[in-house]
Amino acid sequence: MGQLDGKVVFVTGAARGQGRAHAVVSAREGAKVILTDIGDDINTVPYPLATPSELNETARLVEEASGVQPVVAIADVRSQRALDKAVQSGIEAFGQIDCLIANAGIWSLSPIWELSDDEWSDSLSVNLTGVFRSVKAVLPHMIERRSGSIVLTASVNGVEPTDRCAHYVAGKHGVIGLMKSIAREVGQFNIRCNAINPGVIDTPMINWQGAYDLVAGHADGVRDDMIRAGYNYHVLPQGPMNPEACANVAVWLNSHYAAAVTGVAVPVDGGHLLLGGSNPQNVPL
């Protein structure tokens, strides 16, 4: 018996990384799944985004895990129309949507004084407004049924800053505030809303040259630099974590075991937020 038996879970950003893990683990726990992803690149994002073939591979893994073919839709979370259409397709196929995992997100790096309007706009449009649009797409159905669970992917950068990521940090702080507002407003309909604050998770988002250079502190960084940085980032003795670490927490939040939990952000960070910071750039004048 799975923790999500009889439930239908809608996952954004499902083609790979954390989204794929959410989809497959939810299916393994008995859920039927609706999968969406952008299937295209965004000019200001410095690494390739998910492809339709990657989304299809997630669909294959979901069906393998559950025996049930998922609903699959190409949907950019910046488009309310695309999300509404995906929700409607899911309801037509499965009759209901019980849970939303609003996971789609992007990351780029730039000093705040060099951030372009497009970098700022794209980051907030996906990481914050895209979350709002995803929630807006499912809420009328959940309110009508007077039942639902919503899990938003935030970040440890939703509670602390980091260098060269002001646009990302602003969006993820916004996700935490949005989560609390949603939880407060829709609790009357027996709908819960929570967030997950991932630390360093081993996904394509952190596996590109600029990210390697950032953690190495010099050009020509390599993946081993990211692995070492993951160990330095955590209290627990582990490097970058498997995406299933977040998916397992989302399953719990969406299950009856968390029926009394709403309005909280759960760190999945290997203890990172226990660590004190330092300022290596600060030198005597």
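**Salt bridges, aromatic rings and the central sheet**

Nine salt bridges are found when the whole structure is searched, a salt bridge being a side-chain nitrogen of Lys or Arg within 4 Å of a carboxyl oxygen of Asp or Glu. The model is a predicted one, in which local features need pLDDT of at least 70 and side-chain atom pairs count only at pLDDT 80 or more, while totals for chains, interfaces and linings use all residues. Residues are numbered from 1 along each chain as its sequence is written, and side-chain values use heavy atoms, with hydrogens and water left out.

One of the salt bridges joins Glu244 to Arg28, with the closest N and O atoms 3.6 Å apart. Glu244 belongs to helix α8 (residues 244-254) and Arg28 to helix α1 (residues 17-28), so this pair ties together parts that are 216 residues apart in sequence. Helices here are DSSP runs of H or I with at least four residues, and strands are runs of E with at least two, numbered from the N terminus. Glu244 is partly exposed at 31% relative accessible area, and Arg28 is partly exposed at 48%; buried means under 20% relative accessible area, exposed over 50%, and partly exposed in between (1.4 Å probe, protein chains only).

Asp76 and Arg78 form another salt bridge, in which the closest N and O atoms are 2.7 Å apart. Arg78 is partly exposed, with 32% relative accessibility. In a further salt bridge, Arg228 meets Asp225 at 2.6 Å, N to O. These two residues are three apart in helix α7 (residues 223-233) and thus separated by about one helical turn. Arg228 is partly exposed at 47%, whereas Asp225 is buried at 13%. Salt bridges with shared partners also join Glu57, Arg60 and Glu64 into one network.

Turning to the aromatic rings, the search of the whole structure gives two aromatic pairs. Rings of Phe, Tyr and Trp (its six-membered ring) pair if their centres lie within 6.5 Å, and planes under 30 degrees apart count as stacked, over 60 as edge-to-face and the rest as tilted. Tyr47 and Trp208 make a tilted pair, 5.9 Å centre to centre with 35° between the planes. Tyr47 sits in the loop between β2 and α2 (52-66) and Trp208 in the loop between β6 and α6 (209-216), 161 residues apart. Trp107 and Trp208 have ring centres 5.9 Å apart and planes at 75°, so this pair is edge-to-face. Tyr47, Trp107 and Trp208 form one aromatic cluster. Tyr47 and Trp208 are both buried, and Trp107 is buried too.

The sheet comes next. Seven strands make an open sheet in the order β3-β2-β1-β4-β5-β6-β7, with parallel pairing; two strands pair if DSSP finds at least two bridges between them. At the edges are β3 (71-74) and β7 (265-268), each pairing on one side only. Strand β2 (residues 32-37) and β3 run parallel and are joined by four bridges, and Thr36 stands opposite Ala73 in β3.

Finally, helix α5 (residues 166-186) contains His167, which is buried at 1% relative accessibility. The side chains of His167 and Ser108 are joined by a polar contact of 2.8 Å. A polar contact is a pair of N or O atoms within 3.5 Å; within protein, one must be able to donate a hydrogen and the other to accept it, and residues adjacent in sequence count only if both atoms are side-chain atoms.
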